[in-house]
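Student: I would like to go through this model and ask what stands behind the terms used for it.

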Amino acid sequence: MKKNIPFLSLNNKKILITGAAGGLGLSLTKNLLELGAKVYMVDIRETGSDGNLKKLLSSYPRKISYHNCDITNDKEVNNLYKEIKKAGGLNVMINNAAYTGSSNIEGWNTNFENQKKEGWQKSFELNLFSVFNLVQKFSPDLKKTKQGNIINVGSIYGSSAPDWKMYKNTSIYNPAAYGASKAGLINLTKWLAVTLSPDIRVNSVSPGGIKRNQPLKFIKRYESKTPLGRMAKEEDISGVIAFLASDLSAYMTGQDIRVDGGFGLE
Ligand SMILES: NC(=O)c1ccc[n+]([C@@H]2O[C@H](COP(=O)([O-])OP(=O)(O)OC[C@H]3O[C@@H](n4cnc5c(N)ncnc54)[C@H](O)[C@@H]3O)[C@@H](O)[C@H]2O)c1
């Protein structure tokens with residue numbers, strides 16, 4: 001009997017993912033590997049004692065490599081470029097690393113009055129400039145493949161303002177610079193799409209809040225604002241990223257896809 005060929009296949013895709021050891025990065029890496037991709041995981045974290053990461057690395061020894069790199073450091077990015085080239089190059093780049101609402105930077109995860117320039121500078125450097133820098137470095141090689149593909153991970157806060165009622169009396173904040181950096185990333189996506197076409201496609205995915213260990217009060221308020229009645233799971237986001245990484249989306253560029261369960265529609 002003829003074997004079924006999966007409709008969505010990432011066979012022959014060589015995908016670089018930044019922030020690959022984080023919450024979304026790890027789950028995304030696993031899903032893309034399952035769909036046939038080869039993955040270059042890039043993260044500032046050492047593999048160290050992270051059991052989940054070690055398990056993943058040992059499960060796909062020939063399909064995965066781990067590259068310890070601070071993507072805001074030019075020297076490390078140059079080394080990364082050489083490592084990837086030596087390992088066979090890439091045709092898809094997923095820019096996922098970012099300071100998020102819960103990251104630990106001075107003057108960041110706090111109220112309006114206490115947010116500081118350091119939070120703005122660091123988040124713009126990582127969430128926005130590092131993407132430009134990586135794309136500038138890798139795009140000549142991506143162009144040569146004639147089907148280069150870049151996917152940026154934005155956020156709903158790149159196009160929507162926070163509803164402060166959800167945050168009242170919780171330990172969670174939503175720094176101004178986070179949404180501003182993600183709005184910049186969504187715009188950079190369009191700029192890169194017209195600049196790098198027709199050889200490279202560039203799109204972004206903007207997730208809604210992923211359920212982690214947020215206070216119950218916050219989760220309940222979030223769910224009540226979400227028509228699909230729940231916060232996101234990592235797999236909700238990776239499915240859409242897999243679609244963008246595949247040839248099923250071959251005629252899409254410059255788009256931002258919100259994956260948010262309809263958050264804030266009503
Ligand atoms: N978690 C959410 O609810 C949510 C919602 C919307 C959008 N997003 C976006 O999804 C993406 C992933 O978020 P997450 O929640 O998995 O974050 P996370 O903090 O779990 O993971 C981020 C990863 O980036 C890595 N990183 C940080 N600085 C780096 C650097 N200089 N160089 C290389 N790697 C670096 C971290 O070590 C970490 O592993 C982010 O772009 C985030 O803005 C997340």
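Predicted model: local features only at pLDDT ≥ 70, side-chain atom pairs only at ≥ 80, totals over all residues.

Student: Why is Lys-14 called partly exposed?

Tutor: A residue is buried if 20 or more other C-beta atoms, placed from the backbone, lie within 10 Å of its own, exposed if 12 or fewer, and partly exposed in between. Lys-14 has 19 C-beta neighbours inside 10 Å, so it counts as partly exposed. Glu-76 in helix α3 (residues 74-86) has 16 such neighbours inside 10 Å and therefore also counts as partly exposed.

Student: Why is β1 described as largely enclosed by the rest of the structure?

Tutor: Because 4 of the 5 residues of β1 are buried. Lys-14 is found in this strand, which covers residues 14-18. Helices (H or I, at least four residues) and strands (E, at least two) are DSSP runs, numbered from the N terminus.

Student: Which residues does Lys-14 contact beyond its neighbours within four places in sequence?

Tutor: Lys-38, Gly-88, Gly-89, Leu-90 and Asn-91. Contact requires C-beta atoms, placed from the backbone, within 7 Å. On the same criterion, Glu-76 touches Cys-69 and Asp-70, leaving out residues up to four places away in sequence.

Student: How do you know that β1 and β2 pair?

Tutor: Two strands pair if DSSP finds at least two bridges between them. β1 and strand β2 (residues 38-43) have 5 bridges in the parallel sense, so they meet that condition. Lys-14 stands opposite Lys-38 in β2, and the bridge partner of Ile-17 is Met-41. β1 is also joined to strand β4 (residues 92-95) by 3 bridges, again parallel, with Ile-15 partnered by Val-92.

Student: What is the strand order of the open sheet?

Tutor: The 7 strands run β3-β2-β1-β4-β5-β6-β7, with parallel pairing. β3 (64-68) and β7 (256-259) are the edge strands, each pairing on one side only.

Student: What makes the β1, α1 and β2 unit right-handed?

Tutor: A crossover is right-handed if, with the strands pointing away from the viewer, the path from the first strand over the helix to the second runs clockwise. β1, α1 and β2 form a β-α-β unit of that hand.

Student: Where do the residues of β4 point?

Tutor: Val-92 and Ile-94 point one way, Met-93 and Asn-95 the other, and all are buried. β4 pairs with strand β5 (residues 148-153) in the parallel sense over 4 bridges, and the chain crosses between them through helix α4 (residues 117-144) in a right-handed β-α-β crossover.

Terms used
Residues numbered from 1 in each chain as written. Contact = placed C-beta atoms within 7 Å.
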